[in-house]
Amino acid sequence: VVLLQEYWRKRKTSMMFILKALREKKQREEAKKRLEAANRMMATWRMIMTWRLVRIVWKNAALNIERVVRGRLGRNRVRKMKYMYACRIQRGWHHKVEMDYFKILLIRLRKEMREREDR
């Protein structure tokens, strides 16, 4: 009987140890799965937030590029307009000067013709 009791106690304790070890192993596996799931969720959330930031950066970059292009086009347009209006003003001024010069020549010619007639 003593041998049987001793055997049963050893067996029982060893079975309890095995059951406890299996329970702990199962708990570790579940904790590992929970941790992996949490890591996946955090990584997904970080990816979403990163892409939001990337989209904002891209949008701002596109706006900046558009502003640069518009500025360049605007400067070219203004340069052409300045040249066009400068040409018009210069042509008008030259025309006025030529007309004044022509009037002066006419006045001189008339004076000379009068003076010739008076002689």
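Which residues form a nonpolar patch on the surface? Select Phe17, Ile18, Leu19 and Leu22: these four make up the patch, and together they have about 430 Å² of accessible area.

**Before you go on**

This is a predicted model: local features need pLDDT of at least 70, side-chain atom pairs count only at pLDDT 80 or more, and totals for chains, interfaces and linings use all residues. Residues are numbered from 1 along each chain as its sequence is written, and side-chain values use heavy atoms, with hydrogens and water left out.

**Stop 1: the whole chain**

Zoom out and colour by secondary structure. The protein has one helix and zero strands. The radius of gyration is 50 Å, well over the 14 Å that the globule rule gives for 119 residues, so the protein is more spread out than a compact globule. That radius is taken over C-alpha atoms, and the globule rule is 2.2 Å times the number of residues to the power 0.38. Along the principal axes, the C-alpha atoms fill a box of roughly 175 × 10 × 10 Å.

Helices (H or I, at least four residues) and strands (E, at least two) are DSSP runs, numbered from the N terminus. Helix H1 covers residues 2-118.

Now show the surface. The protein exposes about 12400 Å², and carbon and sulfur atoms supply 63% of it. Accessible areas come from the Shrake-Rupley method with a 1.4 Å probe; for residues, only the protein chains shown count as cover. Buried residues make up 1% of the 119 residues. Buried means under 20% relative accessible area, exposed means over 50%, and partly exposed lies in between (1.4 Å probe, protein chains only).

**Stop 2: back to the nonpolar patch**

Leu19 is found in helix H1. Its relative accessible area is 47%, so Leu19 is partly exposed. Patches are made of residues with over 30% relative accessible area and no salt bridge; like charges are joined within 9 Å, and nonpolar side chains (Val, Leu, Ile, Met, Phe, Trp, Tyr) within 5 Å.

**Stop 3: the salt bridges**

How many salt bridges does the structure hold? There are three. A salt bridge is a side-chain nitrogen of Lys or Arg within 4 Å of a carboxyl oxygen of Asp or Glu. Side chains of opposite charge can pair when their charged atoms come close.

- Select Glu30 and Arg34. Their closest N and O atoms are 3.9 Å apart. The two residues are four apart in helix H1, so about one helical turn separates them. Glu30 is partly exposed at 36% relative accessibility, while Arg34 is exposed at 55%.
- Select Glu66 and Arg70. Here the closest N and O atoms are 2.6 Å apart. Both residues lie in helix H1, four residues apart, about one turn of the helix. Arg70 is exposed, at 58% relative accessibility. Glu66 is partly exposed, at 35%.
- Select Lys96 and Asp100. The N to O distance in this salt bridge is 2.8 Å. Lys96 and Asp100 are again four residues apart in helix H1, about one turn. Lys96 is partly exposed at 42% relative accessibility, and Asp100 is partly exposed at 30%.

**Stop 4: the charges**

Colour by charge. The protein has 35 positive and 12 negative side chains. Lys and Arg count as positive and Asp and Glu as negative; His and the chain ends are not counted. The centres of the two sets lie 14 Å apart. The place of a charge is taken as NZ of Lys, CZ of Arg, CG of Asp or CD of Glu.

Where does positive charge gather in a patch on the surface? Select Arg72, Arg75, Arg79 and Lys82. Arg75 is found in helix H1 and is exposed, at 51% relative accessibility.

Next, select Glu112, Glu115, Glu117 and Asp118. They gather in a patch of negative charge on the surface. Glu115 is found in helix H1 and is partly exposed, with a relative accessible area of 45%. Glu117 is also in helix H1; it is exposed, at 64% relative accessibility.
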